[in-house]
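Open the structure in your viewer and keep the selection tool at hand. The tour goes stop by stop.

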Amino acid sequence: MDTKSPDAFRTISEVAEDLDIPQHVLRFWETRFSQIKPLKRGGGRRYYRPDDVALLKGIRRLLYGEGYTIKGLQRILKEQGPRHVQAIGRGGPIGQAPGGPSEVASSDPSQVASANWTPPPAARSVPEGLDDITVLAAVMNELGECRRILERALEPAVEAS
C-alpha cells in the first residue's frame, strides 16, 4: 500500500493486509458497524476511502488491542461518533469511553470483579514486533522489582544505635 497516494481508495485485500486481518472479518464488521460504508462498484467490489481505513484501524485497535466488545464499540460509535474512532485509528488517544474492557456482560461475580480493573495507559501499549514471551518476561521482571520494593518497605525499621 506504500506505492499509493494517501488519498487513494483501497481494495478489501489491501485493507485486510494492512490491518493484518482476513477479508471476511472486514465484511463481518460491515454488518455490525453501519458507519463502515465502502464504495461498491460492479460485481460488489469494495473500495475503501482513507476515512474508512482510519475507522477500520480504530475498530481493530479497540477490539483487538484494547479488549472492547462489539457492543461496547457500537456504543462508542453512537455516543462519540465515527470521527472519534477514526482519530484512534490514526493513532490518537483512546480516553475513557463507555463500553470498554471494564464492562463485561457476565453473571459470574469473579469475572465482573476482575474485569472492572482497567490497566493504566502505559500498561496497555505493547511495542510492535515483540513476541508474547518477551513481553511476559519483561512484565515478570517488573513485578519482581515491585515485590522487592514492597518487601523493603515492609521490613522492620532498623534502629540506629
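Is arginine 49 buried, partly exposed or exposed, and why? Arginine 49 counts as partly exposed because its relative accessibility is 30%. The scale is this: buried means under 20% relative accessible area, exposed over 50%, and partly exposed in between, with a 1.4 Å probe and protein chains only.

This is a predicted model, in which local features need pLDDT of at least 70, side-chain atom pairs count only at pLDDT 80 or more, and totals for chains, interfaces and linings use all residues. Residues are numbered from 1 along each chain as its sequence is written, and side-chain values use heavy atoms, with hydrogens and water left out.

**Overview**

Show the cartoon. The protein has eight helices and three strands. From the N terminus the elements run β-α-α-β-β-α-α-α-α-α-α. Helices (H or I, at least four residues) and strands (E, at least two) are DSSP runs, numbered from the N terminus. Of the 161 residues in the protein, 27% are buried. Contact here means heavy atoms within 4.5 Å. Among contacts with a separation of 6 or more, 54% come from residues 24 or more positions apart.

**Stop 1: arginine 49**

Select arginine 49. This residue lies in the loop between β3 and α3. Leaving out residues up to four places away in sequence, arginine 49 touches Phe9, Lys37, Pro38 and Leu39.

Next, select aspartate 52. It forms a salt bridge with arginine 49, and the closest N and O atoms are 3.1 Å apart. A salt bridge is a side-chain nitrogen of Lys or Arg within 4 Å of a carboxyl oxygen of Asp or Glu. Aspartate 52 counts as buried because its relative accessibility is 9%.

**Stop 2: more salt bridges**

How many salt bridges does a search of the whole structure find? The search finds seven.

Select glutamate 30 and arginine 46. Their closest N and O atoms are 2.7 Å apart, in a salt bridge. The pair links distant parts of the chain: glutamate 30 is in helix α2, arginine 46 is in strand β3, and they are 16 residues apart. Both glutamate 30 and arginine 46 are buried. Glu30, Lys40 and Arg46 are linked in a network of salt bridges.

Move to aspartate 51 and arginine 83. This salt bridge has its closest N and O atoms 3.5 Å apart. Aspartate 51 lies in helix α3 and arginine 83 in helix α5 (residues 82–89), so the pair ties together parts that are 32 residues apart in sequence. Aspartate 51 is partly exposed, at 33% relative accessible area. Arginine 83 counts as exposed, at 59%.

**Stop 3: α2 against α3**

Select helices α2 and α3. Their axes come within 12 Å and cross at roughly 95 degrees. Axes are lines fitted to C-alpha atoms, for helices over the stretch in contact, and angles run from 0 to 180 degrees between N-to-C directions. The two helices α2 and α3 are therefore roughly perpendicular to each other, a label that covers 65 to 115 degrees; under 35 counts as roughly parallel, over 145 as roughly antiparallel and the rest as oblique. Show the side chains that make the contact: Val25, Leu26 and Trp29 of α2, with Leu56, Ile59, Arg60, Leu63 and Tyr64 of α3.

**Stop 4: rings**

A search of the whole structure finds one aromatic pair. Select tryptophan 29 and tyrosine 64: the pair is tilted, 6.0 Å centre to centre, with 55 degrees between the planes. Rings of Phe, Tyr and Trp (its six-membered ring) pair if their centres lie within 6.5 Å; planes under 30 degrees apart count as stacked, over 60 as edge-to-face and the rest as tilted. Tryptophan 29 is buried, with a relative accessible area of 2%. Tyrosine 64 is partly exposed, at 46%.

**Stop 5**

Select residues 12–19, helix α1. The buried residues of α1 are Ile12, Glu14, Val15, Ala16 and Leu19. What covers them includes β1 (10–11), α2 (23–32), β3 (46–48) and α3 (50–65).

End at aspartate 20, in the loop between α1 and α2. Its phi is near 60 degrees, a positive value in a residue other than glycine. Most residues other than glycine have a negative phi. Aspartate 20 counts as exposed, at 62% relative accessibility.
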